[in-house]
Structures are given as C-alpha cells and as structure tokens.
Amino acid sequence: MRHATVTKHFRRAQFASERIMPATTRFTALLVALAVVTGATVGVAGAASDGSISADPTFPSGPSTHTVTATAGNDTAGSWNGFAVDYSNSGVDAGNVSRADVVKIGIDRGDDAAGDTIEVNVSDDLDSVSASNEGHLLTFGLGGSYDLDAGDEVVVVYADAYHPMVQGSWETPLDVNPQSSGGETSATLSIESASTSDDTPTTVGDEQTPESTTDDSDGTTAAATTDGSNANSPGFGLAVAALAIAGAALLAYRD
C-alpha cells in the first residue's frame with residue numbers, strides 16, 4: 001500500500017514537471033531574445049547620429065566651402081582623434097583641401113547651439129588634413145587633446161572642395177574617430193545651380209526626383225525632410241520589440 005502511494009505521488013510530480021518545463025523553456029528563450037533586442041537598442045544609441053553637410057556655394061563645377069556636423073554617441077565618447085568625409089557617391093574632389101583651408105573645427109557641447117556655432121575650438125589640435133581614394137575621402141587627423149561626450153556635436157568647416165559638373169543630392173558617409181568603429185553616420189549633400197527652376201528634376205544618384213516646391217498659402221517649403229520623431233527611429237522600433245517580447249515572456253511564465 002505504501003509503495004503504491006509513493007508511486008502515485010511520483011507520477012503526479014512527474015506530470016507536473018512535464019507541464020512546467022515547456023513553459024520554463026519558453027520563458028527562458030524569450031528572455032534570451034529580449035536580451036538580444038535590448039543589446040541592439042543600446043548599439044543604435046551608441047553610434048554617431050544627426051549628420052549634416054552643406055555647401056556654399058552649391059553650384060556645380062567649382063570650388064565650395066563645406067560645413068559638416070555630426071553628433072557623437074556613446075561609442076565615440078572619449079578622445080577626439082579624427083573625422084572623415086566620404087565623397088565617393090557625389091564625386092566631389094577634396095584633393096586640394098589643406099590645413100590652411102580649414103575655416104573652423106570644434107565642438108558644440110550638448111549639441112545645443114544653432115548652425116556651425118562651436119563652444120570648444122580644437123584648431124590647435126589639428127595635426128593633418130589628407131585626401132585619399134582619388135580625392136574623394138577627406139580625413140582630418142587630431143591629436144586627441146580634447147574629449148567628446150555622448151551628445152556633443154563636432155563641427156568642421158573647410159574650403160576648396162571642388163564640385164562635379166552634375167547636379168544632384170548624394171548620401172555622404174561621415175565618421176567621427178574613423179580609426180575605430182562606432183562613429184559612422186551620414187548626411188545628404190546637395191549640389192544645384194541657382195538658376196534651377198522648381199520644375200526641373202534633380203538627379204539623386206541615378207534617379208530623378210522633383211525639386212522642393214513652395215506652398216503659396218503659407219510660404220512653407222514642401223521639401224522632403226527628416227522626421228525627428230522617435231517613432232521613425234530604429235531605436236524606437238527596437239524598444240517596442242523589446243516590450244512585446246517582455247510581455248510574451250510574462251504570459252509564457254504564467255502559463
């Protein structure tokens with residue numbers, strides 16, 4: 001009788017464990033997935049961001065002064081040792097840009113100033129200015145005497161960037177501290193003639209896109225712009241995915 005009772009309790013415990021194990025396994029798997037998504041979210045936040053590049057003048061087939069900015073992320077925090085601008089897509093020739101052409105290079109702490117305003121001038125730490133890849137990759141070398149914090153904006157203004165003959169808008173990769181990974185971002189460089197009408201299409205790479213138009217009712221420009229809302233950023237999507245996985249993990253555990 002005692003042996004039968006023990007066997008009965010053993011079978012009940014075995015049955016209970018068989019029910020618990022699948023739920024526990026699912027819960028563990030979901031926690032692993034949550035960790036992966038969370039890690040990816042942190043990685044996105046750590047990269048450089050908010051790259052911008054503007055030309056003055058914007059005319060094709062001639063020299064121009066370029067203003068380039070990028071906001072440092074967690075991966076680029078620390079000594080500022082360099083900055084790179086890749087003109088391979090647009091064909092801009094930066095081969096003649098030298099240290100004497102650097103109008104401004106510095107840091108906007110917290111990225112809270114407008115335009116190319118800087119709070120820290122690092123021109124005394126500029127070691128070199130060089131071009132490679134047939135003049136399309138421009139690199140500024142710094143001595144590392146100044147530190148960057150996440151959220152700081154780096155600003156570089158330089159003359160003698162020679163525009164190609166064609167008009168258009170091109171993605172231009174930027175890199176804060178190109179000697180290491182994590183500082184990559186990009187910006188859009190536009191080259192256009194002042195005589196270009198609103199109805200004339202502009203070449204973007206190999207495609208044709210219309211110029212920006214002006215709404216006569218309020219004078220606002222209907223050009224394509226980057227939405228700064230969090231809903232369109234990669235980090236936001238990953239955060240939503242992380243919350244969804246956390247909810248699924250909780251349900252699996254309750255089952």
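Trainee: Where does Asp50 sit?
Mentor: Asp50 is part of strand β1; strands here are DSSP runs of E with at least two residues, numbered from the N terminus. Keep in mind that this is a predicted model, where local features need pLDDT of at least 70, side-chain atom pairs count only at pLDDT 80 or more, and totals for chains, interfaces and linings use all residues. Residues are numbered from 1 along each chain as its sequence is written, and side-chain values use heavy atoms, with hydrogens and water left out.

Trainee: What is the phi of Asp50?
Mentor: Phi is near 55 degrees for Asp50, a positive value in a residue that is not glycine. Most residues other than glycine have a negative phi.

Trainee: Buried or exposed, that Asp50?
Mentor: Asp50 counts as exposed because its relative accessibility is 53%. The cut-offs are under 20% relative accessible area for buried, over 50% for exposed, and partly exposed in between, using a 1.4 Å probe and protein chains only.

Trainee: And what about Asn133, where is it found?
Mentor: Asn133 is in the loop between β7 (126-132) and β8 (137-142). Its phi is positive too, about 55 degrees, and with a relative accessible area of 43% Asn133 is partly exposed.

Trainee: Which residues does the cis peptide bond join?
Mentor: Asp56 and Pro57, with omega about 0 degrees. Pro57 belongs to the loop between β1 (49-56) and β2 (63-71).

Trainee: Changing topic: what is the strand order in the open sheet?
Mentor: The order is β1-β2-β10-β5-β6, five strands with antiparallel pairing. At the edges are β1 and β6 (120-121), each pairing on one side only. Two strands pair if DSSP finds at least two bridges between them.

Trainee: How many bridges join β1 to β2?
Mentor: Six. For example, Ile53 has Val68 in β2 as its bridge partner.

Trainee: Where is Val157, and why is it called buried?
Mentor: Val157 is in strand β10 (residues 153-162), and it is called buried because its relative accessible area is 5%. Among the residues it touches are Thr67, Asp101 and Val103, where contact means heavy atoms within 4.5 Å. Val157 and Thr67 are 90 residues apart in sequence but 4.4 Å apart in space, C-alpha to C-alpha.

Trainee: Last one: how many residues are in the largest nonpolar core?
Mentor: It has 34 residues, and Trp80, Phe83, Phe140 and Tyr158 have the most contacts inside it. Strand β10 gives the most to this core, with four residues. A nonpolar core is a set of buried Ala, Val, Leu, Ile, Met, Phe, Trp, Tyr and Cys residues joined through side-chain atoms within 4.5 Å.

Terms used: Lists of a residue's contacts leave out its neighbours within four places in sequence.
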